[in-house]
Amino acid sequence: MTSSNFDLKLKKYADLVVKVGLNIQPGQRLVVLAGLDTAPLVRLIAASAYQLGSRFVSVVWVDEPIHKIRYQNAPRDSFDEFSGWLFEGISDSMQEGDAYLQVWGRDPELSKGEDPDIVAIHRKTRAKHYKAIGDQQGINAVQWTVICPPTPDWATKIFPDISEDAALSRLWEAVFKACRLNDPDPIVFWEGYLANLAKRREYLTSKKYTALKFKASGTDLWVGLPKGHLWAGGKGKSSQDIPFAPNLPTEEVFTLPHKDQTEGTVTATKPLNYYGSLVENFKLTFSEGKVVDFSAEKGEDVLKNILAMDENASFLGEVALIPHKSPISQSGLIFMNTLYDENASNHLALGSAYQFTLKGGETMSVDEFAQAGGNDSLIHIDFMFGSGDMDVDGVTADGKAEPVMRAGEWAFDV
């Protein structure tokens, strides 16, 4: 694409994030956590936020390659140390009403070849400190959005047989398409599309299913749903009743499983990129909600460390439905990035559930949420298991099964 065309779409991307994703309000501040190599986009986002009336945009910059330097050079006994002020500052800003944006384009293989035990300690330490932010996201305390713009290291992993410039250009084209930035007015498009997702979530919430059954090649899974579960998707609302979109792009509707009621086996259909480590071709077996067996062709040590992150990391916190014909799925591209790959496939999440997916969950204590069937953990890690041959049934209170998806597509209209 030409430079002028690229600049125009990048500006559209920034405006989409600020106006639809975050829905910045006049006088509201914004705090951003961003990778250094996303700086050009972040500057446009800041400009767009100020133009909408934001009082102050603060950016916390992170340089991912620094982690690799640390893995290779820091003392082996230092990886449980962390600069606590980093995430505490963001959490404090959110508590004061600032919107929160995370901007990241991770290298899928940043941690390749590094000591998995050291990497695991680092990730667990980071997760402990990030939890204060995650807890506020879990109750939609403020508007928050996650985006993943292309970066050179990521692009060359997706397109390894062409030059870095060509790879980056191709990945940008794929991201622009996924975000519908080729549309004459992406903001108008997304407002309509998010409204359609809202209709699907409202339909599913009204059904009050007690469980979902998933059947496909390599997957035979029963996922119980707690009483009072709410389906989310499209736009959420902050505690100040401000609409926003947590992810861009987004194709999903989702809710929380009952922590103790998942049974059966699930096989992943796409790789999982976990902070620079890939887990591929993996399978999980559940009993009474917990993973009791697992295997992976690649990254099994990473998967083992994920499941051992804390006592609830091996239970589920999310179940999400996405039609196989979603635009990201139909692109045929494996992004090795959860934001995009999860929006191409039905997926589950290990770890914490979002409290806003349970009626009254935002005001529950951790113990009350757990008693209602919700899971609390240091992690929330999505993995993809949907396919074009997957059937999904909803189980009603009287035990009847109703079609929700057939051959990967919606079995109901809204």
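Predicted model: local features only at pLDDT ≥ 70, side-chain atom pairs only at ≥ 80, totals over all residues.
1. N140 is found in the loop between α5 (116-138) and β4 (144-147); helices (H or I, at least four residues) and strands (E, at least two) are DSSP runs, numbered from the N terminus. N140 has a positive phi of about 50°, although this residue is not a glycine. At 5% relative accessibility, N140 counts as buried. Here buried means under 20% relative accessible area, exposed means over 50%, and partly exposed lies in between (1.4 Å probe, protein chains only).

2. Residues are numbered from 1 along each chain as its sequence is written, and side-chain values use heavy atoms, with hydrogens and water left out.

3. Other backbone details deserve a look. D241 is found in the loop between β8 (236-237) and β9, and has a positive phi of about 70° although D241 is not a glycine. The peptide bond from L248 to P249 is cis, with omega near 0°. P249 itself lies in the loop between β9 (243-244) and β10 (253-255).

4. Which residues have the most contacts inside the largest nonpolar core? They are Y13, L30, F214, L321 and Y340, in a core of 87 residues. A nonpolar core is a set of buried Ala, Val, Leu, Ile, Met, Phe, Trp, Tyr and Cys residues joined through side-chain atoms within 4.5 Å. Helix α1 (residues 3-22) gives the most to this core, with 8 residues. Another core lies apart from it and has 20 residues, among them W144, A232, A320 and Y354. In soluble globular proteins, nonpolar side chains tend to be buried together.

5. Leaving aside its neighbours within four places in sequence, Y340 is in contact (heavy atoms within 4.5 Å) with Y13, C148, P149, W154, V175, A178, P249, I328 and F335.

6. Buried residues in α8 are P186, W190, L194, L197, A198, R200, R201 and L204. Seen down the axis of α8, these buried residues fall within an arc of 165°, so they line one face of the helix; the arc is that of the directions from the helix axis to the C-beta atoms. An α-helix has 3.6 residues a turn, so residues three or four places apart point the same way. Just after α8, K208 takes a positive phi of about 50°.

7. An open sheet of 5 strands has the order β7-β10-β15-β16-β17, with antiparallel pairing; two strands pair if DSSP finds at least two bridges between them. Its edge strands are β7 (232-233) and β17 (380-384), each of which pairs on one side only. Strand β15 (residues 316-321) is joined to β16 by 4 bridges, and the two run antiparallel. E318 has A349 in β16 as its bridge partner.

8. Is H347 buried or exposed? H347, which lies in strand β16 (residues 347-351), is buried, with a relative accessible area of 0%. Its side chain reaches the backbone oxygen of E342 at 2.9 Å and the backbone oxygen of S345 at 3.1 Å. Such a polar contact is a pair of N or O atoms within 3.5 Å; within protein, one must be able to donate a hydrogen and the other to accept it, and residues adjacent in sequence count only if both atoms are side-chain atoms. Not counting residues up to four places away in sequence, H347 touches residues including E252, E318, A320, D382 and F385.

9. Two serines belong to the loop between β16 and α12: S352 and S365. S352 counts as buried, at 12% relative accessibility, whereas S365 is partly exposed, at 34%. A polar atom of the side chain of S352 lies 2.7 Å from the backbone nitrogen of S377.

10. Strand β13 (residues 277-287) is joined to strand β14 (residues 290-298) by 7 bridges, and they run antiparallel. E280 stands opposite K298 in β14. This hairpin has 2 residues between the strands, and E288 takes a positive phi near 50° there.
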